[in-house]
Amino acid sequence: MHRLWSYLSRYRFRYARGIVCLVASATLAMSIPLLLKWTVEAIQRKQSFRDISWYVLVMIAVASVQGVLRAFSRFMIFNIGRDVEFDLRNDLFAHLQKLSLGYYQRQSTGDLMSRLVNDVTAVRLLLGLGVLNLLNTPLYYIYAISAMVMMDPMLTLVALAPYPFLLFAVKRMSRMMMEKTVKVQEGLANLSSRVQEGVSGIHVVRAYAREDWQNAEFGRLNDAFKEESMSLARLRGFFPPLMKGVSGIGLLVVLWYGGSHVIAGRLSLGDLVAFMGYLHLLAWPTMALGFLISIVQRGQAALKRLEVILQARPDIIDGQGDGIDRSIRGEIGFHHVDFAYPSMGNGRAVLHDITFTVPAGATVAVVGRMGSGKSTLLQLLPRLFDVSSGTITIDGQDIRTCSLAALRRWVGFVPQDPFLFSTLIKDNVAFALPEVDMAQVRRAASVANLARDIEDFPRGYDTVVGERGVTLSGGQKQRLTLARALAADTPILVLDDALSSVDVQTERAILHELRDTTRGKTVLVISHRISAVRDADVIVVLDDGRIMETGTHEDLVARGGLYADIFQQQALEEELAEL
Amino acid sequence: MADAQREDVLGQSYDLALLHRLWRYVRPYRKQFMLSLVCLPVTSAFLLAQPYILKLAVDGYITHHDSQGLAVAGLLFAGALLGEFLFFYWQYQATMSVAQKSLADLRADLFAHLQELPSSFFDRHPVGRLVTRLTTDVDAINEAFTAGTLTIFMDLLTLAGIIVIMLSLDLRLALVTLTVLPPLMLILEFFRKRSRDTYRAIRDRLARINAFLQETLSGIVVVQLFAQEKKFFAEFNQRNRDFRDANHLSNIYEASLFSLVEAAGSIAVAVMLWYGASRVGAGFIALGTLVAFVEYLQKFFVPIREFGTKYTTMQSAMTALERVFQLLDTPVTITSPAMPHRPTRVRGQITFEHVWFAYKGDDWVLRDVSFTLEPGQKIALVGATGSGKTTISKLLTRSADTQQGRILVDGVDIREWDLHLLRRQIGVVLQDVFLFSGDVATNITLGRTDITDEALARAAQYVNADRFIAQLPRGYHEPIRERGSNLSGGQRQLLSFARALAYDPAILVLDEATSSVDPETELLIQDAMTKLMAGRTTLVIAHRFSTIQHADRIIVLHKGQVRELGTHQELIEQRGIYWRLYQLQYAPPSHGPQLAEAG
């Protein structure tokens, strides 16, 4: 709740202004029935037309000013709701950016999205509509009741007698509505997952010709949903008449009871009209009270859930080390590195006692079977995860003491899974640059062997990537992610099996080109194809999280170990592909 | 300008066409629909009667000090209130009932249609979007029923009624009072246009925020790796700001609109009193008429205030309707012929005749594939990934149709067959076993009630699945967790064997799992497969050497072509593709060369 106060107090002056307008508007609104009363009484007393005109003119003036003030009070307070929504969304986004890969492996994007959309809305409703009505309702009640009591206390009591009951009914029904709404939403969620399952398993359904069964299963949930919806509708149908009933029953009481007072001469017809006016004015705030409760409850619950996100601590702590501008040589050292995924319960180590160094400017390949830990090893360098024990150094400095921004400007990482943004191709390539530098973009694309592909697109570098533009093949995506890292021009380049969808010849050509153009850069590369990396200065062979062998291609083949085995197998595969 | 108008007109006739299609779903419930239509004017009438009763009370009884008459008026008023309440409620119930029933039918149609669509459709349309069509979009149409269409009629009816009654009560007073209307309408129109535009802007900008969020969260690692947090925050901030600004504007419009209508109501009362006062004084108008006018005016401005929101609800419902019908219009390309082949007995002979197939354009996945399987024969399909093995099983079950050539079962082109009968006769066991929510039994029978518990248990026992099922806490009634996470890979395999056996197909298509299981389960699987294949024409996409050994023949697919065909011994001797594949996939690497020499 601390956060709620901080948002409230941030906008306290604007709230204050809105509240001033609200109070003024309520005051004026409450004077209109009085003016009505005076006018009617004047008419009854057959006062001069001039006197009546005065009342009427005042009424028009009051109504106009009240309208303006009311408009101001409403949008001023509602806009604060939108401002808080804006702040909250920004705060959440900024915080989510700080959380590391580990967090996102535990949290589903869909879940986060729904919090960012639904919960933020609930908080906004609380601080806009909720606050407005929390102030407005008591204000209207105080004004109306005091005005009515001044005219006729007994009639007031009788006219308002149904109100507690109505308030109770509205409150109760709001709660029932909430419960039913939850049920309907559950029903909808069930339908969703049924459709999801039906579509995912459609091949099985078709193979066994069980469409009827699927339709029946869906029909069952569909019917249940229909029933829940109708039951909600039955309840919801009460609301509009109830709302009209609030003023209607009051009106009836005033007419009957008040009318007899008028007949008895204890009340003027003007009073009667004014009473009706006040009851009209109270109808809406009374309804508002009913749903106000659920707005407050939902807003608080939403805020609590958002707080959980905002309190999540980043796994990777930014180092306090030196500035981004420092240039480095690019020597990398792994010293007795052990690693186990923190989030995966069993805590089984994925990497054991990894020690090796990469001299500045060298190309080192990491080779091994699936699941040998080679990807994990490379992910430690840009600190996607932190080592469990041991250290990783760049130019002799522990990477945990460098600032993250600096580290990531030194290490260009090309991930296995080519994630691209749905922007222009040139924006994707120039991703890390402060602005698009076409010369650099073209150079990077040409080294990544992508220039020709891009030029084949009708809109060239201005083609949108993804659904709204061109659908790239797996190989094109990978080469684009490579170009993105190349354009960043980092002293260290890491390729995490980043060319797996590219054919062997192209991969080899790209790596060759890379060596020529990136002279002086330190390159760490994983490839599932040995032939692509055989020219590396050093090859590290990993198995089951341990380094088995290191050496040049020739050394390792001559040794006849694991590397030689894999190499032989891949040679066969390539032979096959050429048949 | 003229263009915009034409577009509007076109849009309207288009909307009518959509509504006409929707009517087909409402039609079965037209009685209830008519009931709701009948209730509408009645509700309106009760509503309109109330101020009139007030007038009667004031003029007839209160001014004449008639308490008894007042009691009658009170009863009448109570009656009118109750009438309005009841008829509104009936109307609402009837409408909602029609809405829920017809939309449930629409959803069922959509779901059934989805099942008929070719698999290529699902490659192009992500599941999430299809789910949205059946849920969010249908819900948007429901919203229009709940808060839109019909009540707009009622509102219009009420407005017209109020005007008519006021005019007949006192023509001149009414005309003077209604002078407030034209300027109000002009201003309303001004706001309506603007708030419609801002509403659109808000929707677009919210979509932009959400799309950006979704993408950034999916690619957050890339953002972090390239230290682009600041740039992304700036971008998000901009989108967030755009959204907020549009909302601020919309709040201003809506607050103005709301207050304007309220103020207009009070001003109309004032104007009416002004003019009325002189005439009451002159004895032309009764006080009660003035009171009734005050009440009518109160009722007049409420629906006017709500028109805007109802209009937007209608618009989004129209958009949703359009998308929903678009999905329903997606053609079903694979169907049974008009005069389907429905044999009483299926022998299980399969023939591929010069089959060519491509998922896209000229990208042939199968090129001129021909082979024949005699009833009961077992063939192992062997090839590297992407050689077209799975496509063969897809074509056989008509998940897709061939572009050239044909496939025959028992000498009849499969396109001549009754689609369901054909599929029933082909048992497909895929390596990635898909399990449905529900219990173990349901996952074997797939909801078929004509498979008895005994038959079910027999099938499970035959393929060695009974043992692990018996060990589950609730046996055959054990619920399957999401994606079968409470079963091991091997158990899922055995379950899918039981499923295939329970259906007793003449033809079996087996895609062997590559994932390794513990040796004990492996033996059970081997044994079950042998039993399952006995007496059935079997096409197996083989990954295990033992399976290949038991096959009558081996077909080697390479780059979409049948390159080699024969028994294991024959193919090894050829020293071609199979020989290499064999060493790569089926023999442990360290023993590879030795075995090859032995062959």
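Trainee: Is C402(A) buried or exposed?
Mentor: In this predicted model, C402(A) counts as buried, because its relative accessibility is 1%. In chain B, C39(B) also counts as buried, because its relative accessibility is 4%.

Trainee: OK, salt bridges then. How many are there over all chains?
Mentor: There are 40 salt bridges over all chains. One of them joins K37(A) to E41(A), with the closest N and O atoms 3.3 Å apart. These two residues sit four residues apart in helix α2 (residues 12-44) of chain A, which is about one turn of the helix, and both K37(A) and E41(A) are buried.

Trainee: Which helices do E217(A) and R194(A) lie in?
Mentor: The side chains of E217(A) and R194(A) meet in a salt bridge at 3.3 Å, N to O. E217(A) belongs to helix α9 (residues 211-236) of chain A and R194(A) to helix α7 (residues 162-200) of chain A, so the pair ties together parts that are 23 residues apart in sequence. Both of these residues are buried.

Trainee: What about R133(B), where is that?
Mentor: R133(B) is in helix α5 (residues 127-147) of chain B, and it is buried because its relative accessible area is 15%, where the cut-off for buried is under 20%. Its side chain meets that of D137(B) in a salt bridge of 2.9 Å, N to O, and since the two are four residues apart in helix α5 of chain B, about one helical turn separates them. D137(B) is buried as well as R133(B).

Trainee: Which residues does R133(B) touch, not counting those up to four places away in sequence?
Mentor: With those set aside, R133(B) touches L110(B), V138(B), R323(B), V324(B) and L327(B).

Trainee: Switching to the interface, how much area do chain A and chain B bury between them?
Mentor: Chain A and chain B bury about 12,000 Å² between them, and 70% of that is on carbon and sulfur atoms. On the chain A side, R206(A), Y208(A) and I263(A) lose the most area to chain B, together accounting for 7% of what that side buries. The contact involves 123 residues from chain A and 129 residues from chain B.

Trainee: How many salt bridges cross that interface?
Mentor: The rule finds three salt bridges across the interface of chain A and chain B, and R70(A) and E262(B) also meet in a salt bridge, at 3.1 Å, N to O. Polar contact, for its part, links 31 residue pairs across the interface, with both residues at pLDDT 80 or more. Helix α3 (residues 49-98) of chain A gives the most to the side of chain A that touches chain B, with 27 residues. By class, that side of chain A has 72 nonpolar, 27 polar and 24 charged residues.

Trainee: Which residues are linked with R14(A) in a network of salt bridges?
Mentor: R14(A) is linked in that network with D83(A), R244(B) and D245(B).

Trainee: Last one, where is W356(B)?
Mentor: W356(B) is in strand β1 (residues 350-358) of chain B, and it counts as partly exposed because its relative accessibility is 24%. Leaving aside neighbours within four places in sequence, W356(B) is in contact with several residues, including W364(B), L366(B) and R367(B).

Key:
Residues are numbered from 1 along each chain as its sequence is written. Chains are lettered from A and ligands numbered from 1 in the order in which they are written. Side-chain values use heavy atoms; hydrogens and water are left out. Contact means heavy atoms within 4.5 Å. Buried area is the accessible area (1.4 Å probe) that two parts lose on being put together, summed over both. A polar contact is a pair of N or O atoms within 3.5 Å; within protein, one must be able to donate a hydrogen and the other to accept it, and residues adjacent in sequence count only if both atoms are side-chain atoms. Ala, Val, Leu, Ile, Met, Phe, Trp, Tyr, Cys and Pro count as nonpolar, Asp, Glu, Lys and Arg as charged, and the others, Gly among them, as polar. Buried means under 20% relative accessible area, exposed over 50%, partly exposed in between (1.4 Å probe, protein chains only).
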